[in-house]
Every structure is written in structure tokens, then in C-alpha cells.
Amino acid sequence: MIKPEVNCYYQHRYGGLYIVKDIATSTVDKSQWVVYSHVYPFEYQTSIRPYDEWCDGRFRQLESGEYTELIKKDRLEFQIEIGKAKATGR
């Protein structure tokens with residue numbers, strides 16, 4: 001189980017790249033949420049996800065320099081690659 005770190009980059013098991021913006025706590029039930037933004041290869045979008053779901057193995061923290069290398073990939077080809085990974089349930 002990984003713990004998300006603010007301002008660190010992560011890759012979803014299907015391939016998309018994300019940055020953790022913050023960890024939030026619900027005022028309703030005190031549950032924790034990860035505030036993150038999708039950064040590549042699809043359009044930039046900020047979302048939230050339950051903390052436990054973020055930590056369940058579907059994301060991995062990128063090593064130093066990995067993000068820079070991954071964003072060099074052709075955007076459309078990377079999107080196709082992710083679509084194939086989703087279809088096969090990688």
C-alpha cells in the first residue's frame with residue numbers, strides 16, 4: 001500500500017500520468033480524499049478519489065526523471081496504448 005505524497009507524480013496501472021495536489025478530509029464523515037490532476041496524455045483535469053482507493057495498488061509513484069521521459073511519448077500513441085491496456089485489464 002503506497003501513501004500519496006503531495007506534488008509527486010504517479011502513473012495509473014493503465015498508463016496515465018497524475019500529480020497529487022493535496023490530501024483532503026471530508027467535513028461530513030471525516031473520510032480522506034486524494035486531490036489529483038491528470039497531466040498526460042489526456043487533457044488536464046483535477047479530480048478527487050478516496051484515499052484508500054488511491055493506495056490500493058492502481059497507482060505507482062514515479063522515480064526521479066521518469067515523468068520527463070514519459071511525457072516525451074507521442075500523445076496520441078500514448079492514448080492508444082492506454083486504451084489497449086484498459087481493454088485487456090492490465
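Tutor: Arg-58 touches Gln-11, His-12, Arg-13, Arg-49 and Glu-53, leaving aside residues up to four places away in sequence. This is a predicted model, where local features need pLDDT of at least 70, side-chain atom pairs count only at pLDDT 80 or more, and totals for chains, interfaces and linings use all residues. Residues are numbered from 1 along each chain as its sequence is written, and side-chain values use heavy atoms, with hydrogens and water left out.

Student: What makes a "touch" here?

Tutor: Contact means heavy atoms within 4.5 Å.

Student: Why is Arg-58 called buried?

Tutor: Buried is under 20% relative accessible area, exposed over 50%, partly exposed in between (1.4 Å probe, protein chains only). Arg-58 has 18% relative accessibility, so it counts as buried.

Student: What makes the Arg-58 and Asp-56 side chains a polar contact?

Tutor: You need a pair of N or O atoms within 3.5 Å; within protein, one must be able to donate a hydrogen and the other to accept it, and residues adjacent in sequence count only if both atoms are side-chain atoms. The two side chains make theirs at 2.5 Å.

Student: How do you know that β2 and β3 pair?

Tutor: Strands (E, at least two residues) are DSSP runs, numbered from the N terminus, and two of them pair if DSSP finds at least two bridges between them. β2 (residues 17–25) and β3 have eight, in the antiparallel sense, so they meet that rule.

Student: Why is β3 called largely enclosed?

Tutor: Seven of the nine residues in β3 (residues 32–40) are buried, so the rest of the structure largely encloses it.

Notes:
Helix = DSSP H or I, 4+ residues; strand = E, 2+ residues; numbered from the N terminus.
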